[in-house]
Amino acid sequence: MPPPVLLVHICLSIKVNNHAALDVHGDGKMKFFADASFTPLLARTKTQAMKSSKLGFPTMVFEVARRHESFDELESEVMDEYLSMKNSIQAFIGIKIYDDKKFRVLVVTRNNDAGKFGNPRVDLRSNLLPTDEVTDLKITIPGKSLLWDCDDWIEKDVPDFVLDVESLRFMFRK
Amino acid sequence: MDEDAKNWLKYCVVHSLGDSGREPDWSFQPSEFDPWPRLHRPSLEEDDTNEDWLELDISEKVYQKFATIANYIHGYRIVKDFNDGTIYLGIKPKVRYGALRHVFEHTLHLWGLSNNLGKDSFASTGSFGTHLFVD
């Protein structure tokens, strides 16, 4: 695997869609701002639609916690909002970065055996990690979650998606 | 929204954030700052109040325009939340958000290829333009 700094220079084929907001109106209130979201571009004919995107809900959302927001508050936000039972977001990856060169990682997915959308469950609540030291921590997201409701993959096994936290740490070290 | 209005709103944002943007966010003790301070405006004489600053109520239509300005204060990224006429402000750490997203994109790209999903298997959105309504 190339060093993380090289990864950003590699030409990517994933479509970046900065103009199509992933907005889903329920009661008309605006909720949180994700820092990135990822939606499969595969057929999902039964997926709940959104107002301004035909793609349906993203299956994975990433967010860096706000300053002065506690890790527990971030977790509550995820459980109550991002992975509420009113949408079909399947995985959330959060990073809380502190000013004393420490960070923590939060990963929440859904228990897909529990019902249509699945109850949210915390998969990873990392310890405090230094931003200036190499980490071997890995984030694992079930492949089924990333391809949730994709027509051709509903009945198939999908390998897990594994992300080295080191590749993220490299981007926010100071 | 004209430049005067933008500058006035930015002035309100800076005041409403107060010291919270500059004060450290330590890992070893709870922060004393509200992570979602409300947007305030200077009081006017006709407000008939002794307070110098009052909570600013605006319509969602104005908010939709406001959401696109005053996005950086003191180098920090500012996000805004809207609820029943009240604007809440959040401060994001100084990190390379675009680069972080690219890490996800690249790893997803490789994962998609390894699972025969094709080259364009995922769409992504970045920090701005990602107004995520999840109610």
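Helix 4 of chain A and helix 3 (residues 97-114) of chain B meet with their axes within 9 Å, crossing at roughly 165 degrees. An angle over 145 degrees counts as roughly antiparallel, so helix 4 of chain A is roughly antiparallel to helix 3 of chain B. Keep in mind that this is a predicted model. Here's a tour that starts at that meeting point and then looks at each chain.

**Where the two helices meet**

- Two things describe a pair of packed helices: the angle between their axes and the distance between those axes.
- The crossing of helix 4 of chain A and helix 3 of chain B also has a handedness, and here it is right-handed.
- Which residues make the contact? On the chain A side they are Ser167(A), Leu168(A) and Met171(A), and on the chain B side they are Ala99(B), Leu100(B) and Val103(B).

**A closer look at helix 4 of chain A**

- Helix 4 covers residues 165-172 of chain A and is mostly covered, with six of its eight residues buried.
- Those buried residues are Val165(A), Ser167(A), Leu168(A), Arg169(A), Phe170(A) and Met171(A).
- Ser167(A), Leu168(A) and Met171(A) turn up again here: they are buried, and they take part in the contact with helix 3 of chain B.

**Chain A as a whole**

- Chain A has four helices and nine strands.
- If you walk along chain A from the N terminus, the order is α-β-β-β-α-β-β-β-β-β-α-β-α.
- How much of chain A is buried? Of its 174 residues, 42% are.
- Take the contacts in chain A with a separation of 6 or more: 63% of them join residues 24 or more positions apart.

**One strand residue: Val105(A)**

- You'll find Val105(A) in strand 5 (residues 102-111) of chain A.
- Is Val105(A) buried or exposed? Val105(A) counts as buried because it has 21 C-beta neighbours inside 10 Å, and the cut-off for buried is 20 or more.
- Leaving out residues up to four places away in sequence, Val105(A) touches Ile95(A), Leu124(A), Ser126(A), Leu137(A), Ile139(A) and Val165(A).
- Leu55(A) is another story: Val105(A) and Leu55(A) are 50 residues apart in sequence and 28 Å apart in space, going from C-alpha to C-alpha.

**Two loop residues with a positive phi**

- His68(A) isn't a glycine, yet its phi is positive, at about 70 degrees.
- His68(A) sits in the loop between strand 3 (60-64) and helix 2 (71-82) of chain A.
- His68(A) is buried, because 22 other C-beta atoms lie within 10 Å.
- Asp149(A) is not a glycine either, and it has a positive phi of about 70 degrees.
- The loop that holds Asp149(A) runs between helix 3 (143-146) and strand 9 (161-164) of chain A.
- With 22 C-beta neighbours inside 10 Å, Asp149(A) counts as buried.

**Chain B as a whole**

- Chain B has three helices and six strands, in the order α-β-β-α-β-β-β-α-β along the sequence.
- The C-alpha trace of chain B spans about 65 × 40 × 30 Å along its principal axes.
- What is the radius of gyration of chain B? Chain B has 19 Å, while a compact globule of 135 residues would have one near 14 Å.
- Buried residues make up 34% of the 135 residues in chain B.
- Among the contacts in chain B with a separation of 6 or more, 49% are between residues 24 or more positions apart.

Notes. Residues are numbered from 1 along each chain as its sequence is written. Chains are lettered from A and ligands numbered from 1 in the order in which they are written. This is a predicted model: local features need pLDDT of at least 70, side-chain atom pairs count only at pLDDT 80 or more; totals for chains, interfaces and linings use all residues. A residue is buried if 20 or more other C-beta atoms lie within 10 Å of its own, exposed if 12 or fewer, and partly exposed in between; C-beta atoms are placed from the backbone. Two residues are in contact if their C-beta atoms, placed from the backbone, lie within 7 Å. The radius of gyration is taken over C-alpha atoms; the globule rule is 2.2 Å times the number of residues to the power 0.38. Axes are lines fitted to C-alpha atoms, for helices over the stretch in contact, and angles run from 0 to 180 degrees between N-to-C directions. Angles under 35 degrees count as roughly parallel, over 145 as roughly antiparallel, 65 to 115 as roughly perpendicular and the rest as oblique. A crossing is left-handed if the near helix is turned anticlockwise from the far one by less than a right angle, and right-handed if clockwise.
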